[in-house]
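Open the model in your viewer and keep the selection tool at hand. The stops below go from one selection to the next.

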Amino acid sequence: MTASIEFTVQSPGGPRTASVVYERVGRGEPLLLLHGIGHHWQAWEPVLSALSAERDVIAIDLPGFGASPGLPEGVPYDLDSVVPVLGALCEALDIGRPHVVGNSLGGLLALGMGREKLARSVTALSPAGFWTQAERRYAFTTLRGMRMAARSMPLPVVERLSRSAAGRFTLTSTIYAKPARRSPEAVVAETLALRDGVGFEPTLHAGLTVQFQDDIPGIPVTVAWGTRDRLLVRRQGVRAKNIIPGARLVRLPGCGHVPMNDDPALVARVVLDTSR
């Protein structure tokens, strides 16, 4: 069921109202899914069925992405601001401390929620924040290039490219190891999400100073990395393990930066193992 919810967040100017669009399906302990920069909740569609068999799954469009409006005026898109927003969202949804799963930007936010005791477990798939300066510069340059390409192509061109395996490779091979698996409709929708996300630039700007450096004791944490991740290279997973020594580090063979598409069964198993 796709719905939206309004809730109150704090800003330097006082309380503000935020709004988030989300998909909710399944029963069991709550499981919150957070996508990456420029994406939308539909990135999780390949694993929703498996996860919802055991969990109450809430997949959200992060503020400023997908169908969710941007953050209220005065609320920045940095880690220290967005994590409390997500905590307020959990309160509004009455899900307490959910299991939290995130990919890329979402993985960084999931780890931030774990650090702030807002999650009962964390699974981070290729999370941002464990880069060197050179790796961050490469990732941000690549992301800006993807955004520019999405904004420069008329919709009929995107639709035409999406109808062939070669075209889907052109549009999405930076984030997927197996882009041909994506449906034409999904590729069009995520290209438009990348084009239109009002949170893209402020999130990227906030990321210029992000370096995750805190342990997360007391809860299960899994960091998983695709062996074919072309955006955030997999050696960053070893750094994450050194910073969070209690975390389980998992390889995702043959998977790219957004592994839910490339091996849904493996990703679902990793998530459920952590949340158990």
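Is W131 buried or exposed? Select W131: the residue counts as buried, at 7% relative accessibility (buried means under 20% relative accessible area, exposed over 50%, partly exposed in between, with a 1.4 Å probe and protein chains only). This is a predicted model, in which local features need pLDDT of at least 70 and side-chain atom pairs count only at pLDDT 80 or more, while totals for chains, interfaces and linings use all residues. Residues are numbered from 1 along each chain as its sequence is written, and side-chain values use heavy atoms, with hydrogens and water left out.

Next, select F130 and F212. Their ring centres are 5.7 Å apart and their planes at 55°, so the pair is tilted (rings of Phe, Tyr and Trp, the last by its six-membered ring, pair if their centres lie within 6.5 Å; planes under 30 degrees apart count as stacked, over 60 as edge-to-face and the rest as tilted). F130 is buried at 1% relative accessible area, and F212 is buried at 2%.

Now go to T191, in helix 7 (residues 184–196) (helices, H or I, of at least four residues, and strands, E, of at least two, are DSSP runs numbered from the N terminus). T191 is buried, with a relative accessible area of 7%. Beyond its neighbours within four places in sequence, T191 is in contact with A150, V158 and L171 (contact means heavy atoms within 4.5 Å).
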